[in-house]
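This report goes through a structure from a loop, by way of a helix, to the site of its ligand. The sequence and model come first.

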Amino acid sequence: MRVNMLFNGNVYPRISSKIVLGCIVLFELMLLSSVYSQPNFQRQRERMVMIQLKTRDIYHNATLEAMGQVPRHKFVPEESQPFAYSDHPLSIGHGQTISQPYIVAFMTQAIRPKKDHKVLEIGTGSGYQAAVLAEIVDSVYTIEIVDVLAREAKNRLKSLQYNNVKVRSGDGYHGWPEAAPFDAIVVTAGAEEIPMKLFEQLKEGGKMVMPLGPHGGIRQLIRITKKKGEIKIEELMPVRFVPFTRDKN
Ligand code: SAH
């Protein structure tokens, strides 16, 4: 009788199916919570492109596509990853910043990048702007004055397989004469005057964007075009940027 109570297939199986059902529900809840607690960076990136870029004045398709591709969260310190796709710049250490997504897109669009272009960037920082350019153009040369940042960016770009980017540690004021002339130059640090050595390394018809103005104040983002060897300057918008520094050695 006692044996029957335990094993007669009535009492025991009913308990076990409840336990099994409970386990399934618990497992699904755990799975759901782990899915929702993982930040969906791709979704955040899509929203960034839609809300911060398309609704403003970013219309260049290749730029929008590149901004939707590059994993910006991998270019910021771990503690800043939840804010990687927010509408503002972020600190990357050593007193430097990764620019706001909109500014990166605006500067990219402003040089009119094409598939066969060779582009020079001054101020590698995290390597994010270089990666965005590398999605669009043939090759990117980028120079960073803070040696640690240059090394970190080089490793990061390599691990993300941006094999068309060359990173150099040093003062970008001198440009990269061995690789010149460039179709375009992007200067991502604010200078008080136009570095003419960079202008010299621009191809005829080439474009250079850079923030120009006094340190500590509002600067103008300008676009320079080399027209028949002459310099043509357009003012694009007021911006704040970390300073273009010079190597004292
Ligand atoms: N483009 C970067 C952000 C740049 S912040 C990114 O996408 O993350 C500006 C960078 O310019 C800083 O890292 C600063 O160290 C660098 N910089 C300033 N003066 C420089 C110079 N003369 N040559 C090369 N890099 C310079």
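## A loop proline

Pro 77 is located in the loop that runs between helix H4 (61-69) and strand E1 (90-93). Helices (H or I, at least four residues) and strands (E, at least two) are DSSP runs, numbered from the N terminus. Pro 77 has a relative accessibility of 24% and so counts as partly exposed; buried means under 20% relative accessible area, exposed over 50%, and partly exposed in between (1.4 Å probe, protein chains only). Between Pro 77 and Ser 91 there are 8.1 Å in space, C-alpha to C-alpha, and the two are 14 residues apart in sequence.

## Basis of the values

This is a predicted model, in which local features need pLDDT of at least 70 and side-chain atom pairs count only at pLDDT 80 or more, while totals for chains, interfaces and linings use all residues. Residues are numbered from 1 along each chain as its sequence is written, and side-chain values use heavy atoms, with hydrogens and water left out.

## Helix H5

Helix H5 (residues 101-110) is largely enclosed by the rest of the structure, because 10 of its 10 residues are buried. Among them are Pro 101, Tyr 102, Phe 106 and Gln 109. Arg 112, which follows H5, has a positive phi, near 50°.

## Ligand site

The ligand sits in the largest pocket. A pocket is an open set of points on a 1 Å grid over the protein atoms alone, where a 1.4 Å probe fits, with protein on both sides within 12 Å along at least five of seven lines; a molecule sits in it if more than half of its atoms lie within 2 Å of its grid points. Strand E2 (96-98), strand E3 (118-122), helix H6 (128-136) and strand E4 (139-144) each give two or more residues to the shell around the ligand. E2 gives the most, with three residues.

Of the 26 residues around the ligand, Ser 126, Glu 144, Asp 171, Gly 172 and Thr 245 come nearest; a residue is near if one of its heavy atoms lies within 4 Å.

A ligand nitrogen atom is 2.9 Å from a side-chain N or O atom of Asp 171, and a nitrogen atom of the ligand lies 2.7 Å from a backbone N or O atom of Gly 172. An oxygen atom of the ligand is 3.0 Å from a backbone N or O atom of Gln 129.

Ser 126 lies in the loop between E3 and H6 and is buried, with a relative accessible area of 5%.

Key
Polar contact = N/O pair within 3.5 Å; in protein donor to acceptor, adjacent residues only side chain to side chain. 1 Å grid on protein atoms, 1.4 Å probe; cavity = no way out; pocket = protein on both sides within 12 Å on 5 of 7 lines; lining within 4 Å.
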